[in-house]
Amino acid sequence: MTIHTTLSRRQFVVSTLTAAGGFALGVGTTSAEAASLSVRPWNDDTTHYPGEINAWVVIQPDDTVIIRYGRAEMGQGSFTALPQILAEELECDWQYVRPEYASANRNVRDNKVYGSLSTGGSRAVRETGVIVQQAGASARERLIAAAAKRWNVPATECEAAMSKITHKPSGRTFRFGELAAEAAAIKLDKEPALKHPDQYKFIGRRIARLDIPLKINGTAKYGIDLEVPGMVRAAVMKCPVFGGTLKSADESKIASRRGIIQVVKLKDAVAVVADRTWRAQAALKALPIEWEVGAAGATNSAQFRKAYLDALDQKGAEARHDGNVDGALAKAAKVIEATYDVPIIAHAPMEPLNAIAHVQADRVDVWVGTQNADLALTFGAQASGMKPENVYVHNTFSGGGFGRRLGPDEVAQAVAISKAVGKPVKLVWTREEEIRQGRYRTQAAIRFKAGFAADGTAVALEMRNSAGAANPAGVKDGIDPQTLQGLINAAYQLPNYRVISMLKNTHVPLGPWRAPGHSQNAFFMESFIDEMAHAAGKDPVQLRRQLLAHRPDFQQVLDVLVEKGDWGTPLPRGRGRGIAITEAYDSIVGMIVEVTVKGGQVKADRVVIACDCGTVVNPRGVETQLEGGMIYGLSAALFGNITIKDGRVEQGNFDTYPVVRFKDAPKTEVYISPTPGKRWGGVGEPGATVIQPALTNAIFAATGRRLRSLPVVGQDLNGAV
Amino acid sequence: MVTIIVNGTSHQVDVEDETPLLWVLREEIGLTGTKFGCGIAECGACTVHVNGQAVRSCSVPVKTVAGKQITTIEGLSANSSHPVQQAWLTEQVPQCGYCQSGQIMATVAFLKTNPNPSDADIDANLTNICRCGTYERLRRAVHRAAALMRS
């Protein structure tokens with residue numbers, strides 16, 4: 001079966017193709033057919049849509065419910081979770097639901113009707129959840145009002161369920177599809193109240209993800225899979241020394257190669273445009289290029305590491321100070337100190353960055369799997385010189401994002417190349433380009449000091465942190481809250497607590513990496529808490545319980561972890577167990593890791609995860625995000641290391657930038673343990689944080705060797721017991 | 001001009017002999033279910049079958065598979081009915097899904113050589129990368145598929 005994707009230039013009709021293999025849901029639907037997603041789930045003609053009850057909900061005469069989705073789908077499953085939330089309030093039959101991407105262009109033209117389309121900070125459910133709840137409830141009440149008007153009865157006598165309005169006294173019914181046009185014209189006096197969580201029938205169900213049927217047979221369309229009529233293909237190389245510029249590229253050397261159309265020279269990059277991607281990639285490799293690299297071309301990782309560690313001695317900016325740390329440390333019976341650091345790491349999503357751009361006289365179209373359709377649109381406008389309202393971003397499925405697709409560099413390049421060649425262009429980065437042109441997690445270092453009273457009580461904790469700001473615009477008075485996530489807002493309560501920040505950026509571009517701030521800071525904090533426990537002669541769980549005595553939610557997660565993770569039970573020599581826990585994006589996540597260290601090699605055998613993320617929308621969604629986040633963080637802890645030589649990244653592919661494979665992946669159990677009544681927290685990112693210190697704490701338990709730097713692989717663990 | 005047989009259909013493609021099979025499948029024949037992930041046979045996102053054997057098509061020159069039987073994810077079954085696909089559905093394996101065509105094709109070939117694998121067998125023989133970290137569910141799905149295929 002071949003699906004050639006043919007798109008007309010102006011009109012994008014949502015494909016009626018839905019994959020086979022619908023699910024019987026049992027709840028929320030009258031049919032064995034489930035809701036479904038199109039392989040190309042977008043529709044740009046959304047401004048005036050018959051049956052549009054509000055910007056989020058369209059009900060068609062045949063009862064089809066189009067639910068707009070205002071975030072990215074990069075694997076986290078919220079293309080299912082948010083419609084699930086909306087359907088709960090709307091009282092629609094799930095089989096009729098057809099989610100599609102909200103239009104970024106409409107978001108510009110219609111005064112940010114969808115809020116932010118950016119997908120980071122584990123915000124999809126956490127922030128958009130309540131917005132779509134309200135949209136669903138409002139649509140439901142307007143459908144009820146439309147029915148009541150037709151029947152000339154009080155709305156209070158009418159009820160919505162399974163895509164029908166019933167007049168309870170008479171038993172008469174209307175289908176939603178019969179009422180949608182009238183409901184769209186009704187204005188409510190006030191917005192309806194949302195359901196109490198006890199009333200949820202559909203939220204909390206383990207429903208099947210809508211995108212999975214498309215992802216087991218090759219039909220799901222990622223950005224890299226799309227075709228536009230008349231399209232040419234491009235490969236690009238940006239100056240490998242960040243901030244450098246293009247000096248020359250001798251296109252005469254590749255001009256005779258088959259299929260080559262044009263070499264496009266950008267300020268900081270060069271692109272080869274050809275009729276086929278592989279011809280473009282091969283020609284780019286053969287193209288003689290000279291770069292202007294400047295002083296950054298003389299830098300290397302050893303210098304940077306020294307600079308971040310040296311920065312710990314600077315005065316810095318005080319980001320938080322409780323009590324009197326200096327006084328408490330001076331009076332303490334015992335003080336311990338330790339310095340930690342982590343290197344730069346890359347995101348390496350499976351789908352290399354890519355975009356199709358078509359610049360025309362009056363509009364720009366971009367097809368891209370992006371985490372940030374708003375910013376992709378802005379980049380498209382800037383690169384083309386077009387007004388934002390004339391830029392159309394068609395978001396697709398993304399083959400992973402993890403933060404890298406929040407900064408759509410590929411869009412700016414594709415638009416510039418299309419403008420230069422006057423044709424639609426598909427730009428596909430190589431893996432090497434993806435590894436070498438990242439927006440990396442910052443290099444960071446930290447120095448902790450902890451003071452204990454004579455009885456072993458921890459009385460003071462100070463940390464001096466040097467790291468780069470991924471978002472310089474967020475910096476105020478030398479402090480970037482994102483960089484300090486997990487330090488300035490750690491849940492541990494000590495009477496004297498201080499965080500000092502030394503922000504330091506280099507020529508290496510930074511960006512949010514799954515759980516920015518938290519990801520390195522959880523490693524730092526949870527490792528040092530472990531050191532504090534050992535220094536005080538306490539069990540690591542016991543010390544955490546004491547410092548979290550004010551947090552019953554943390555205590556119950558620790559209870560689950562201790563029980564399920566067999567904490568305190570003996571392990572044979574060479575094996576060890578480590579624990580770590582944190583709060584990130586309104587969720588508490590803890591892990592216990594069991595490792596075997598043998599012949600200097602580390603294997604994570606088992607990971608037990610416990611989580612309080614409040615109200616659960618879809619338990620399997622929570623489980624898979626925590627499992628996946630854990631593996632993502634495990635890759636960073638075991639292997640993640642981007643090094644700089646002569647100003648450029650040395651790694652280029654999975655041979656030099658290894659990641660977790662089957663053989664490295666531990667057996668995993670997830671226990672969701674929500675505090676009743678707590679609103680939903682994010683789960684996409686927290687899993688990537690605590691795995692790192694839980695692993696190194698387990699290595700300490702197995703070997704007595706405390707790892708204060710990452711990655712683990714490459715450090716000498718031989719003979720360490 | 002090279003002749004290749006993909007999912008039972010013969011195609012004549014006018015490409016250089018060294019063109020990787022991956023790009024022939026994607027851009028000459030229009031089968032985009034096979035993915036580009038690394039270009040150096042490290043990640044397995046481009047896995048297809050050549051005469052029933054799993055190969056990483058990004059590193060297979062098209063000339064070397066002329067006349068051989070090539071199967072892609074699109075040709076594995078009609079209606080996603082292959083036991084491996086059904087196991088993937090039941091276990092709800094994919095997240096971003098980008099690696100999963102390759103994971104499925106690698107598993108189909110693997111189960112032919114080992115119809116009842118242990119976890120250790122899986123870990124030793126399946127080497128495809130998944131950045132979303134679906135390995136735990138992948139293992140479960142491999143076992144489920146093996147059971148379906150034995151029954």
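## Close-up views of a predicted two-chain model

**View 1. The contact between chain A and chain B.** In this predicted model, 54 residues of chain A are in contact with 47 residues of chain B. On the side of chain A that touches chain B, the elements that give two or more residues are helix H5 (277–286) and helix H14 (619–638) of chain A. H14(A) provides the largest share of that side, with seven residues. Sorted by class, the residues with which chain A touches chain B comprise 24 nonpolar, 17 polar and 13 charged ones.

**View 2. Chain A as a whole.** Chain A, which holds 721 residues, is built with 15 helices and 27 strands. The C-alpha trace of chain A spans about 80 × 75 × 45 Å along its principal axes. A compact globule with 721 residues would have a radius of gyration near 27 Å, and because chain A has 27 Å, the two values agree. Of the residues of chain A, 59% count as buried. Among the contacts in chain A with a separation of 6 or more, 78% are accounted for by residues 24 or more positions apart.

**View 3. Helices H11 and H15 of chain A.** Two packed helices are described by the angle between their axes and the distance between the axes. For helix H11 (residues 518–535) and helix H15 (residues 687–703) of chain A, the packing angle is about 35 degrees and the axes are 7 Å apart. The crossing in which H11(A) passes H15(A) is right-handed. From H11(A), the residues that meet H15(A) are A:His518, A:Ser519, A:Ala522, A:Phe523, A:Glu526, A:Ser527 and A:Asp530. Their partners in H15(A) are A:Ala688, A:Thr689, A:Val690, A:Gln692, A:Pro693, A:Thr696, A:Asn697 and A:Phe700. Taken by class, the contact of H11(A) with H15(A) consists of six nonpolar, seven polar and two charged residues.

**View 4. Chain B as a whole.** Chain B has five helices and five strands, and from the N terminus on its elements follow the order β-β-α-β-β-β-α-α-α-α. Along its principal axes, the C-alpha trace of chain B spans about 45 × 30 × 25 Å. With 151 residues, a compact globule would have a radius of gyration near 15 Å, and because chain B has 15 Å, the two values agree. Of the 151 residues of chain B, 62% count as buried. Residues 24 or more positions apart make up 62% of the contacts in chain B that have a separation of 6 or more.

**View 5. Helices H2 and H3 of chain B.** Helix H2 (residues 83–91) and helix H3 (residues 100–113) of chain B pack with their axes 9 Å apart and at an angle of about 130 degrees, which means that H2(B) is oblique to H3(B). The crossing of H2(B) and H3(B) is right-handed. On the side of H2(B), the contact is made by B:Val84, B:Gln85 and B:Trp88, while H3(B) contributes B:Gln100, B:Ile104, B:Thr107 and B:Val108. By class, the contact of H2(B) with H3(B) holds four nonpolar and three polar residues, and no charged residues.

How values were computed
Residues are numbered from 1 along each chain as its sequence is written. Chains are lettered from A and ligands numbered from 1 in the order in which they are written. This is a predicted model: local features need pLDDT of at least 70, side-chain atom pairs count only at pLDDT 80 or more; totals for chains, interfaces and linings use all residues. Two residues are in contact if their C-beta atoms, placed from the backbone, lie within 7 Å. Helices (H or I, at least four residues) and strands (E, at least two) are DSSP runs, numbered from the N terminus. Ala, Val, Leu, Ile, Met, Phe, Trp, Tyr, Cys and Pro count as nonpolar, Asp, Glu, Lys and Arg as charged, and the others, Gly among them, as polar. Axes are lines fitted to C-alpha atoms, for helices over the stretch in contact, and angles run from 0 to 180 degrees between N-to-C directions. Angles under 35 degrees count as roughly parallel, over 145 as roughly antiparallel, 65 to 115 as roughly perpendicular and the rest as oblique. A crossing is left-handed if the near helix is turned anticlockwise from the far one by less than a right angle, and right-handed if clockwise. The radius of gyration is taken over C-alpha atoms; the globule rule is 2.2 Å times the number of residues to the power 0.38. A residue is buried if 20 or more other C-beta atoms lie within 10 Å of its own, exposed if 12 or fewer, and partly exposed in between; C-beta atoms are placed from the backbone.
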